[in-house]
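Subject: Structure handover

Hello,

Here is the structure for your work. Please load it first, then read the notes under it.

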Amino acid sequence: MTEGSSTAPVPPPSRPSAFPQLTATVERIVCLGARLGRSREEVLCTEALNHACGVPVEVIRELLQGRAAGEPDIHERFRQRLDLLHETYRKDNGRKFSHGEIARQSGISRQQVQALLCGDRRPTMDHCSRLERFFNRPAGFLQSDDAEALGCALAEVEKTLLREYQEHSERNAPAAGAGRRPSLYERHGVDGIALRAALLPDRGRTRLLEWLDTYMEEEAAEQRSGPAGEHF
């Protein structure tokens with residue numbers, strides 16, 4: 001190395017995510033948000049995610065960064081999420097449901113409801129399913145581990161953003177030529193198709209790609225022909 005020369009410091013290698021699938025979902029959501037003019041903080045609001053999945057805010061922040069945050073035991077996790085539901089799920093008048101109201105509508109005895117809310121009783125699978133139905137939450141809400149619960153909440157965020165992006169793309173798509181049916185790409189855009197494909201399982205993606213190949217061949221043949229099928 002000659003005197004006076006300098007080299008740029010080599011950044012340390014990034015640590016692999018502890019939850020690669022969760023990290024991939026986060027990246028897609030941030031990308032969608034950017035296309036809609038929204039910041040990462042807007043589309044990944046930790047308070048909203050906390051209400052959606054019951055995972056503590058500080059744990060959500062760690063998981064969104066791809067870091068493990070430790071798992072409470074299943075009883076503590078149940079308590080955390082049941083406390084959140086009891087605090088946030090309100091009646092039309094804004095008041096919380098009483099133990100008696102929860103008992104009557106869920107089919108669990110009042111004594112058991114009180115013991116569950118106070119942490120004096122461990123829940124059974126039947127308790128969990130009845131309480132999830134009462135609080136209008138999906139099956140597994142009170143039992144799934146933190147990463148799985150957050151993943152379900154993020155999937156709903158992604159679906160909502162995809163719908164908004166589709167509407168945005170359709171509003172801003174260039175007008176199709178007179179007498180010509182708008183193409184798949186004009187209706188949804190390449191980005192929109194790719195983002196939808198990201199939500200499909202492997203088999204679904206394979207079928208979509210096969211269908212797209214067929215569609216593209218038909219679209220090319222249609223563009224080579226006139227409206228009445230006459231070749232230019």
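**Ground rules**

This is a predicted model: local features need pLDDT of at least 70, side-chain atom pairs count only at pLDDT 80 or more, and totals for chains, interfaces and linings use all residues. Residues are numbered from 1 along each chain as its sequence is written, and side-chain values use heavy atoms, with hydrogens and water left out.

**Helix H4**

Helices are DSSP runs (H or I, at least four residues), numbered from the N terminus. H4 spans residues 57–64. Its buried residues are Val57, Val59, Ile60, Leu63 and Leu64. Buried means under 20% relative accessible area, exposed over 50%, and partly exposed in between (1.4 Å probe, protein chains only). Seen down the H4 axis, these buried residues fall within an arc of 155 degrees, so they line one face of the helix. The arc is taken over the directions from the helix axis to the C-beta atoms. The cover over the buried residues of H4 includes H1 (20–35), H2 (40–43), H3 (46–53) and H9 (146–172). Just after H4, Gly66 has a positive phi of about 80 degrees.

**Helix H8**

H8 runs over residues 125–134. Buried here are His127, Cys128, Leu131, Glu132 and Phe134. Down the axis of H8, they fall within an arc of 160 degrees, so they line one face of the helix. The face turned away from that buried side carries the exposed residues Met125 and Arg133. What covers the buried residues of H8 includes H5 (74–88), H6 (99–106) and H7 (110–118).

**Nonpolar cores**

A nonpolar core is a set of buried Ala, Val, Leu, Ile, Met, Phe, Trp, Tyr and Cys residues joined through side-chain atoms within 4.5 Å. The largest has 20 residues. Leu44, Leu49, Cys53, Ile60, Leu64, Leu150 and Leu154 touch the most other members. H1, H3, H4 and H9 each give two or more residues to this core. Its largest share, 7 residues, comes from H9. Apart from it lies another core, of 16 residues, including Leu82, Leu85, Leu131 and Phe134.

Which residues does Leu154 contact, leaving aside its neighbours within four places in sequence? They are Leu22, Thr25, Val26, Ile29, Leu44, Leu49 and Leu64. Contact means heavy atoms within 4.5 Å.

**Second largest pocket**

Pockets come from a 1 Å grid over the protein atoms alone: a pocket is an open set of points with protein on both sides within 12 Å along at least five of seven lines, and lining residues have an atom within 4 Å of a point. The second largest pocket is lined by 13 residues. Ala52, Pro138, Phe141, Ala149 and Cys152 lie nearest its centre. H3 and H9 each supply at least two lining residues. H9 gives the most, with 5 residues.

**Two loop residues**

Asn136 sits in the loop between H8 and H9. At 60% relative accessibility, Asn136 counts as exposed. Its phi is near 55 degrees, a positive value in a residue other than glycine. Most residues other than glycine have a negative phi.

Asp73 lies in the loop between H4 and H5. At 46% relative accessibility, Asp73 counts as partly exposed. Asp73 and Asp145 are 72 residues apart in sequence but 9.4 Å apart in space, C-alpha to C-alpha.

Best wishes

Conventions
On a 1 Å grid over the protein atoms alone, a cavity is a set of points where a 1.4 Å probe fits but cannot get out, and a pocket is an open set with protein on both sides within 12 Å along at least five of seven lines; lining residues have an atom within 4 Å of a point.
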